[in-house]
Amino acid sequence: MAEESLITPEIRAMIGQEVMFRAPEEVCKSSIRRFAVAVGDVNPLYVDEKYAKKSRHKGLIAPPVYLTAVNHDALAEIGDDGRLKSRIKLPPPLNRLARGGNEFEFFQPARPGDSLTIKRKITDIFQKEGKSGPLVFVIYETSYSNQKDELLAVNRETLIFFK
């Protein structure tokens, strides 16, 4: 017997929805340094301005995954219900969530002074049968751009919702 689809018209309508967020602060040297130290990657391109100026980058740059930290800051706006506004939610009974993986594509580094814009678009939603029952997969892309509208990176992520 075929399992009834948990993907309602309301959920299906989420495909193609795009939201945009702006990072609350510009990228700065101190946040790049703190991030590099915190993740244990103290490449001189991230922490040594004198060295970085002599490089092909002509100045300090942020580590590629720095953008994921900015993502959390920009997406941290709290709604009236006390929950993160940016969180992707599906209606009951799909109230449990697991992360299914990320795929990053980097185009150019973030730099001190950049004002970042983050756009998230749901690209697909589908259902599969798991060992413990039906699973609903939500695939979305998050793109990161600077104030010149230059694309810095894209993150493709999979969320898995289940009962």
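Predicted model: local features only at pLDDT ≥ 70, side-chain atom pairs only at ≥ 80, totals over all residues.
**Entry 1**

Residues are numbered from 1 along each chain as its sequence is written, and side-chain values use heavy atoms, with hydrogens and water left out.

**Entry 2. The sheet**

I use "strand" for a DSSP run of E with at least two residues and "helix" for a run of H or I with at least four, both numbered from the N terminus. Two strands pair if DSSP finds at least two bridges between them. I traced 5 strands in an open sheet, in the order E1-E3-E4-E5-E2, with antiparallel pairing. Strand E1 (18–22) and strand E2 (96–106) are the edge strands, and each pairs on one side only. From one strand to the next, the twist averages 25°; the axes are lines fitted to C-alpha atoms, and angles run from 0 to 180 degrees between N-to-C directions. I recall that strands of a sheet pair through backbone hydrogen bonds, either parallel or antiparallel.

**Entry 3. Strand E5 and its partners**

I next examined E5 (residues 151–162), which pairs with E4 (residues 133–145) in the antiparallel sense over 11 bridges. Val-136 has Phe-161 in E5 as its bridge partner. E4 and E5 form a hairpin with 5 residues between them. In the turn, I found that Asp-149 has a positive phi of about 65°.

E5 is also joined to E2, by 10 bridges, and the two run antiparallel. Here Ala-98 stands opposite Ile-160 in E5.

Is E5 mostly covered or mostly uncovered? I found it mostly covered, as 10 of its 12 residues are buried. Buried means under 20% relative accessible area, exposed over 50%, and partly exposed in between (1.4 Å probe, protein chains only).

**Entry 4. Salt bridges**

I count a salt bridge where a side-chain nitrogen of Lys or Arg lies within 4 Å of a carboxyl oxygen of Asp or Glu. By this rule there are 5 salt bridges. In one of them, Glu-49 meets Lys-29, with the closest N and O atoms 2.9 Å apart. This pair links distant parts of the chain, since Glu-49 is in helix H4 (residues 49–54) and Lys-29 in helix H2 (residues 29–38), 20 residues apart. Glu-49 is partly exposed at 32% relative accessible area, and Lys-29 is partly exposed at 41%.

I then turned to Arg-156, which forms a salt bridge with Glu-141, the closest N and O atoms being 3.1 Å apart. Arg-156 lies in strand E5 and Glu-141 in strand E4, so the pair ties together parts that are 15 residues apart in sequence. The side chain of Arg-156 also meets that of Glu-103 in a salt bridge (3.7 Å, N to O). Glu-103 is in strand E2 and Arg-156 in strand E5, 53 residues apart. Glu-103, Glu-105, Glu-141 and Arg-156 are linked in a network of salt bridges.

**Entry 5. A nonpolar patch**

Which residues form a nonpolar patch on the surface? I noted Val-65, Phe-104 and Phe-106, with about 250 Å² of accessible area together. Patch members have over 30% relative accessible area and no salt bridge; like charges are joined within 9 Å, and nonpolar side chains (Val, Leu, Ile, Met, Phe, Trp, Tyr) within 5 Å. Accessible areas come from the Shrake-Rupley method with a 1.4 Å probe. Phe-106 is in strand E2 and is partly exposed, with a relative accessible area of 39%.
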